Structure formats: C-alpha cells, structure tokens
Amino acid sequence: DGSTLGAPAAVVPGESVELSGVGWSAGEKKHPDVPPYFPGLKVPARLAVKFDGEPVAEFTGKQLALDTYFVTEAHIPQSWQPGEEHTITVESEATDSTLAQSATVTVRVVESPRLAVDPTNVSGIRKRSGCILYCS
C-alpha cells in the first residue's frame, strides 16, 4: 500500500523514541472543478501506536503536498528489560474509502549508554554550580 514506518532498531527502557512514516491516508479529496486524471489530496489518517499489541497512543497524521506523513514520539516502558525483543505497531482505522493499514517493527531493548568517568583521573573535570563540566 506504500505506507512506511521508521523506528530505531534498539530502544532503552524509560526513554522516548521517534516513530515516523509516509503514505498513511484515510482517503482522497478532490475539488469538483479539477479533472479526474489529476491526483487528489490525501486525507491524513487517524493512527494508533501499539506496543506488543496493546494500544499506547493515538494521533492524526499530517498533510505533505499530495501525500501524508507522521512524526511522533513513543515512550518505552520502564518494565522492558535489556535483551528482550518487543513489537511496535502503527495502524490506521478503516474508512468508507480505504482499508485499515498496519506496519510492525521488532525492536531490541538495550541498556542505557552511560558516561564512564575514571575516578583516578579527574584532572579535566571541575564541579560548578551543581553540574559537572568537562574542562580541556
């Protein structure tokens, strides 16, 4: 159907990830004076995000020239553990003029990358106003 879904391959529990896609429409609209061979404007679809089949968010896509797109954030559950795999699905509602669309990606849960500081070599680190700054 031409719909796309972009998502990261690896996710971190408790963090948000960006999901994006193109081609998610709920039909087409045309002005009556436009010849039938001209393409119509795509109507953005109402979309749902699901984690492992369970709904977690809903939103409506946006118009982009003659097509539709979406960019949204999804919050990864804190309960997901490093090493696990989960599915993220985006699906649209069926309308009178279009069938429901769906796309699923499998993501792997990883640990949060941490800034490692060697406590025996802190010459380049200085504390100021409650935050730690790297000083060269």
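Let's start with strands β7 and β8. Strand β7 covers residues 62-64, and three bridges join it to β8 in an antiparallel run. A strand here is a DSSP run of E, at least two residues long, numbered from the N terminus. Two strands pair if DSSP finds at least two bridges between them. Look at K62: its bridge partner in β8 is Y69. Two residues sit between the strands of this hairpin, and A65 takes a positive phi near 50° there.

A word on the source. This is a predicted model: local features need pLDDT of at least 70, side-chain atom pairs count only at pLDDT 80 or more, and totals for chains, interfaces and linings use all residues. Residues are numbered from 1 along each chain as its sequence is written, and side-chain values use heavy atoms, with hydrogens and water left out.

Back to β8. Strand β2, residues 16-22, also pairs with β8, antiparallel, over seven bridges. There, S20 has V71 as its bridge partner.

Now the side chains. Which residues of β8 are buried? T68, F70, T72 and A74 are, and they point to one face. Buried means under 20% relative accessible area, exposed means over 50%, and partly exposed is in between (1.4 Å probe, protein chains only).

Take D67, in strand β8. Why does D67 count as partly exposed? Because its relative accessibility is 29%. Beyond its neighbours within four places in sequence, D67 is in contact with V22, G23, K42 and K62. Contact means heavy atoms within 4.5 Å. D67 and S25 are 42 residues apart along the chain, yet their C-alpha atoms are separated by 7.7 Å.

Next, the open sheet. Five strands form it, in the order β1-β10-β9-β5-β6, with mixed pairing. The edge strands are β1 (10-11) and β6 (54-60), and each pairs on one side only. Strand β5, residues 46-51, runs antiparallel to β6, with six bridges joining them. R46 stands opposite T60 in β6.

Last, F38. Where does F38 lie? In the loop between β3 (25-29) and β4 (41-44). F38 is partly exposed, because its relative accessible area is 41%.

Definitions and conventions:
Helix = DSSP H or I, 4+ residues; strand = E, 2+ residues; numbered from the N terminus.
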